[in-house]
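Dear colleague,

I am handing over a structure that will be new to you, and I would be glad if you could look through it before reading my notes.

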Amino acid sequence: IGFIARSVTLSCSVPLLPVTTKRLSSVHLQHRKLRMMAQLYVFYILLAFALWVVDQKFCPSLHALPVNPQLHAWWHLLAGLNVHFGL
């Protein structure tokens, strides 16, 4: 558990939307899109973290397979997607 705590830092920032009565429907649509992006942000970082942990714990077993699943590479890809949705 110690190596996980030292290696992972999660941060989340969600911008606030100004709410006016004039553009309430537009804000509602933006809110739904923002919520979807926030859910994807959390999903991608959790999936990336899970793949990274599996890769760290079972590396010798995974390399013995006929096809290496390259979980560390998937971690990089999903972490990049996470950054995209986080910005």
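This is a predicted model: local features need pLDDT of at least 70, side-chain atom pairs count only at pLDDT 80 or more; totals for chains, interfaces and linings use all residues.

Residues are numbered from 1 along each chain as its sequence is written, and side-chain values use heavy atoms, with hydrogens and water left out.

The secondary structure of the protein comes to 4 helices and 0 strands, where helices (H or I, at least four residues) and strands (E, at least two) are DSSP runs numbered from the N terminus. Read from the N terminus on, the order of the elements is α-α-α-α. Of the 87 residues in the protein, 17% are buried; here buried means under 20% relative accessible area, exposed means over 50%, and partly exposed lies in between, with a 1.4 Å probe and protein chains only. The protein exposes about 6900 Å², of which carbon and sulfur atoms supply 68%, the areas coming from the Shrake-Rupley method with a 1.4 Å probe and, for residues, with only the protein chains shown counting as cover. Taking contacts (heavy atoms within 4.5 Å) between residues at least 6 apart in sequence, 59% join residues at least 24 apart.

The buried residues of H4 are Leu 71, Leu 78, Ala 79, Asn 82 and Phe 85. They cover an arc of only 120 degrees around the axis, which puts them on the same side of H4, the arc being that of the directions from the helix axis to the C-beta atoms. On the other side of H4, Val 83 and His 84 are exposed.

Which residues form the largest nonpolar core? This core has 5 residues, namely Tyr 41, Tyr 44, Ala 48, Leu 78 and Phe 85, where a nonpolar core is a set of buried Ala, Val, Leu, Ile, Met, Phe, Trp, Tyr and Cys residues joined through side-chain atoms within 4.5 Å. Helix H2 (24–57) and H4 each supply at least two residues of this core, and the largest share, 3 residues, comes from H2.

Leu 78 touches Tyr 44, Leu 47, Ala 48 and Leu 51. Asn 82, which is buried at 6% relative accessibility, touches Tyr 41, Tyr 44 and Ile 45. Trp 75, also placed in helix H4, counts as partly exposed at 27% relative accessibility and touches Ala 48, Phe 49 and Trp 52. Trp 75 and Leu 51 are 24 residues apart in sequence and 6.3 Å apart in space, C-alpha to C-alpha.

A search of the whole structure finds 2 aromatic pairs. In one of them, the rings of Phe 43 and Tyr 44 have their centres 5.6 Å apart and their planes at 55 degrees, so the pair is tilted; rings of Phe, Tyr and Trp (its six-membered ring) pair if their centres lie within 6.5 Å, with planes under 30 degrees apart counted as stacked, over 60 as edge-to-face and the rest as tilted. Phe 43 is partly exposed at 47% relative accessibility, whereas Tyr 44 is buried at 18%.

Finally, Gln 70 lies in the loop between helix H3 (59–63) and helix H4 (71–86), and its phi is near 55 degrees, a positive value in a residue other than glycine. Most residues other than glycine have a negative phi. Gln 70 counts as partly exposed at 43% relative accessibility.

With best regards

Technical notes
Lists of a residue's contacts leave out its neighbours within four places in sequence.
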